[in-house]
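Here are a few exercises to work through with the model open beside you. Try each task before reading the solution.

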Number of protein chains: 2
Amino acid sequence: MPDAAINLRDKLARFSEHWSPRVVAEMNDYQFKLVRIQGEFVWHSHADTDEVFIVLDGEMTLQFRDREVRLSAGEMYVVPLGVEHRPVAARECCVMLVEPKGVVNTGEAGGAYTAPNDVWV
Amino acid sequence: MPDAAINLRDKLARFSEHWSPRVVAEMNDYQFKLVRIQGEFVWHSHADTDEVFIVLDGEMTLQFRDREVRLSAGEMYVVPLGVEHRPVAARECCVMLVEPKGVVNTGEAGGAYTAPNDVWV
């Protein structure tokens with residue numbers, strides 16, 4: 001059991017890569033991950049789980065096939081399981097993801113943006 | 001599927017009671033709750049689940065029987081299942097909790113601080 005709190009800003013300062021989630025905490029079989037995003041991700045979905053986006057710094061858009069949702073720092077959104085989505089950010093945006101352990105960032109889509117899973121920072 | 005992001009500050013502005021968690025989002029069978037805390041809560045534990053504290057505004061301390069952990073805005077901590085803890089805050093502190101749906105705020109302890117469950121804001 002850790003002696004100190006997890007400081008999200010300190011954790012973010014330890015990496016600079018985009019679209020490469022880093023785990024900062026586990027709760028039961030779920031993980032909290034930090035990710036820096038910039039540009040346009042791939043369209044993808046997660047067949048077995050919802051996925052939570054919490055914006056810590058900056059602004060991003062979650063594109064869906066029929067709408068888009070804008071998020072700023074201090075805002076969150078739950079992408080329902082099975083729903084195709086594409087995160088985009090004109091400028092760098094720092095996000096916390098919450099989802100079950102083992103979820104791959106590109107979901108069913110695969111491709112060049114697929115990041116190694118379960119990398120901690 | 002909501003048309004807009006969940007703004008945590010706006011949600012917090014809608015209630016003022018202390019120690020009374022309000023649900024803002026669900027992910028699978030988990031809930032994200034906001035709570036305003038001030039003073040000393042009761043010692044309690046949750047037998048079946050870890051519990052996540054993310055401080056949004058202010059400062060708080062998680063007291064354990066053998067140590068204490070201080071948290072400020074932008075910091076988080078995972079209380080492991082079964083571990084007795086007591087949240088305290090000298091001044092009002094705004095916190096996001098993440099835990100499975102159905103978790104009662106006072107865990108196994110019960111008592112006057114026990115809040116209604118599954119109240120949304």
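**Exercise 1.** Find out which elements of chain A and chain B each supply at least two residues of the lining of the largest pocket.

Solution. Keep in mind that this is a predicted model.
- Step 1: start with chain A, where helix 1 (8–12), strand 4 (51–57) and strand 8 (85–100) each give at least two lining residues.
- Step 2: go over to chain B, and you'll find helix 1 (8–12), strand 4 (51–57) and strand 8 (85–100) doing that as well.

**Exercise 2.** Describe the largest pocket by volume, by the residues nearest its centre and by the classes in its lining.

Solution.
- Step 1: the volume comes to about 630 Å³.
- Step 2: of the 26 lining residues, A:Val55, A:Leu56, A:Gly74, B:Leu56 and B:Gly74 sit nearest the centre.
- Step 3: sort the lining by class and you get 17 nonpolar, 4 polar and 5 charged residues.

**Exercise 3.** Work out how chain A and chain B meet: how many residues take part, and what area is buried?

Solution.
- Step 1: chain B puts 37 residues into the contact, and chain A puts in 37 residues.
- Step 2: about 2,900 Å² is buried between the two chains, with carbon and sulfur atoms giving 63% of that.
- Step 3: now look for salt bridges, and the count between chain B and chain A is 2. One of them pairs A:Asp3 with B:Arg67, whose closest N and O atoms are 2.9 Å apart.

**Exercise 4.** Say what UniProt places at residues 39–91 of chain A, and give the strand content there.

Solution.
- Step 1: the unreviewed UniProt entry lists "domain: Cupin type-2" for this stretch.
- Step 2: residues 39–91 of chain A are 60% strand and 0% helix, and the end C-alpha atoms lie 7 Å apart.

Key
Residues are numbered from 1 along each chain as its sequence is written. Chains are lettered from A and ligands numbered from 1 in the order in which they are written. This is a predicted model: local features need pLDDT of at least 70, side-chain atom pairs count only at pLDDT 80 or more; totals for chains, interfaces and linings use all residues. Side-chain values use heavy atoms; hydrogens and water are left out. UniProt positions are given in the numbering used here, feature names are shortened, and annotations may be inferred rather than shown by experiment. Helices (H or I, at least four residues) and strands (E, at least two) are DSSP runs, numbered from the N terminus. On a 1 Å grid over the protein atoms alone, a cavity is a set of points where a 1.4 Å probe fits but cannot get out, and a pocket is an open set with protein on both sides within 12 Å along at least five of seven lines; lining residues have an atom within 4 Å of a point. Grid points are joined across faces, edges and corners, and a volume is the space filled by probe spheres set on the points. Ala, Val, Leu, Ile, Met, Phe, Trp, Tyr, Cys and Pro count as nonpolar, Asp, Glu, Lys and Arg as charged, and the others, Gly among them, as polar. Contact means heavy atoms within 4.5 Å. Buried area is the accessible area (1.4 Å probe) that two parts lose on being put together, summed over both. A salt bridge is a side-chain nitrogen of Lys or Arg within 4 Å of a carboxyl oxygen of Asp or Glu.
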